[in-house]
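Here are some notes for a colleague going through this model, which is a predicted one.

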Amino acid sequence: MKVKRVRWIWFALALSLLYAFSINLLEFTDSPETRIAGFVKVGLQWVIVSLVSTGILGLISANRIVFAFLFPILMTLSAVEVFYRHTLGVGITGTTIEIALENNAQMWLSVIDFRLISVVLFTIIVSFAIVWYRWKYVFIKRKTEFLWLPGFFILSFAPFAIPRIYGAVSNRMPYAIYNGTADYLRNKKVVNEERNTFDNIQVRVPKNSPNVVVVVGESLRGDHLPMNNYDRMTMPYLSKEENLIAFKDIKSSGFHTYQALPYIFTRADSLNSDPGYEEQSFITIFKKAGYKSSWIANQDISASYYYFAREADTLIHVNSQRSLYSYDKWTDMETIPHFKTWKEANSSSPTLTIIHSIGSHWWSKSHYLKEDALFLPDMDSKEISLLDPQQIINSYDNSIVATDRFLYSIIEELRDDNAILIYVSDHGESLGENGRWLHGSDSPELHNIAAMVWFSSEYFQNFPQKITALEKNVSKPSSSDDLFYSVMDAAGFVSPELDFSKSWFFDNEESN
């Protein structure tokens with residue numbers, strides 16, 4: 001049977017429809033929408049992603065040699081990404097690429113099964129069949145057909161010119177390939193930067209050095225803690241802890257994660273942000289003091305604080321390779337087994353553990369379990385405009401209940417040790433104030449953060465003066481910028497090169 005030849009433009013459009021109704025559509029099937037209006041909004045997002053995908057496919061299909069090389073690669077990567085998105089909740093991110101490149105064959109074998117092999121083989125066969133068809137039967141009839149190329153070019157590069165479009169497509173295929181690769185390369189560049197601020201610092205440590213745990217929270221406001229007179233019991237475990245002190249008036253300099261963490265980990269403050277991007281963090285000083293250090297990441301690590309994570313002796317990725325477009329359960333309790341294992345393996349040395357939690361990140365319903373859902377009704381859509389404000393607040397408060405259980409689990413591991421736990425949220429969250437939600441633009445409530453300190457009985461016996469000073473300072477206006485000095489002061493460090501007068505554990509009255 002003679003196969004009729006096809007003009008290129010019709011082939012390109014048919015190819016785009018195939019990609020839109022296979023790869024692009026499958027990326028949206030895990031959306032939690034239950035309302036018609038929500039489905040419409042998700043549908044519009046799918047249309048936008050499909051249109052920019054059309055631009056990419058139109059450009060690469062214009063030349064059959066380019067198409068023969070790129071199309072099978074694009075389709076295979078897209079199929080693998082969709083497979084892992086649905087089976088593991090994992091997308092292509094800078095962290096995913098790093099894990100893929102750094103892990104060994106045993107790790108690879110643990111995530112490859114018959115289903116994936118079948119998907120890849122089927123995709124390769126179909127891709128080469130399409131390449132063969134393009135090579136033999138697709139032609140450009142007239143030179144004027146090339147006038148379509150500027151249109152495809154505009155569709156392809158529109159996301160780079162329009163931030164809102166880029167936000168919609170950056171973590172969807174095929175743009176996730178570019179976005180993830182760019183993140184990976186940015187992170188590698190940051191790690192290779194020369195920072196030697198504390199390479200030669202002199203630090204004296206006490207004989208009874210405590211184990212220190214720093215938990216960086218996510219989007220948790222101080223005024224939603226029952227210890228700060230919130231009218232809901234969002235922390236049923238921690239509110240009963242006698243050795244826990246919650247800050248009453250503490251602010252953050254940043255209002256989103258990648259801006260806030262450089263202030264938390266370095267000497268940067270509201271008057272001078274440069275140290276956050278030029279200096280080492282307190283992790284290096286702890287290592288100089290003989291501590292073993294780890295960073296346990298439960299969310300993606302952005303370039304602004306990637307250097308700090310790599311300062312630690314051990315970097316553990318828990319769910320940080322997950323895509324924020326995944327709506328599967330993603331809780332901080334998943335970090336606890338990693339924390340236990342690392343702590344036991346390093347029991348012969350004092351330890352510093354950083355846990356970067358997912359906390360109350362949007363979509364907060366993903367970050368708590370059914371038993372944490374004390375406040376109902378909670379969210380049933382990811383579209384804020386479709387939700388009742390109380391649903392959003394209920395889900396937010398439920399995520400705090402999950403944080404309470406998570407922190408209590410850490411405390412249980414530390415209770416019999418000489419140990420101190422410091423929790424500080426990166427920033428706050430807008431919960432309807434003047435029509436604002438989440439943390440997209442600066443506002444006062446985004447600087448209202450939760451911070452608290454728990455200490456073991458043995459720690460109190462060893463360092464009673466530090467707890468006394470903390471109790472004096474906890475009601476005074478403070479900043480998360482002071483964590484840099486506070487965490488080292490809590491560990492009993494002494495150094496002529498560090499000014500501990502900013503520490504939460506420093507008694508200014510006694511020093512005077």
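**Notes on the sheet**

1. Seven strands make up an open sheet of mixed pairing, and their order across it is β4-β12-β9-β3-β8-β6-β7. The edge positions are taken by β4 (244-246) and β7, each of which has a single partner strand, so one side of each is left without a neighbour in the sheet. From one strand to the next, the twist averages 15°.

2. Helix α10 (residues 257-265) lies across β3 (211-217), β6, β8 and β9 (419-425), and runs at about 165° to β8. Helix α15 (residues 389-414) also packs on the sheet, where it touches β3, β8, β9 and β12 (451-455), with a direction that makes about 160° with that of β9.

3. Strand β6 (residues 292-297) is largely enclosed by the rest of the structure, because five of its six residues are buried, the cut-off for buried being under 20% relative accessible area.

4. The pairing of β6 can be followed on both partners. With strand β8 (residues 351-356) the sense is parallel and the pairing extends over six bridges, Lys-292 standing opposite Thr-351 in β8. With strand β7 (residues 314-317) β6 pairs in the parallel sense over four bridges, and here Ile-296 stands opposite Ile-316 in β7.

Conventions:
Residues are numbered from 1 along each chain as its sequence is written. This is a predicted model: local features need pLDDT of at least 70, side-chain atom pairs count only at pLDDT 80 or more; totals for chains, interfaces and linings use all residues. Side-chain values use heavy atoms; hydrogens and water are left out. Buried means under 20% relative accessible area, exposed over 50%, partly exposed in between (1.4 Å probe, protein chains only). Helices (H or I, at least four residues) and strands (E, at least two) are DSSP runs, numbered from the N terminus. Two strands pair if DSSP finds at least two bridges between them. Axes are lines fitted to C-alpha atoms, for helices over the stretch in contact, and angles run from 0 to 180 degrees between N-to-C directions. Contact means heavy atoms within 4.5 Å.
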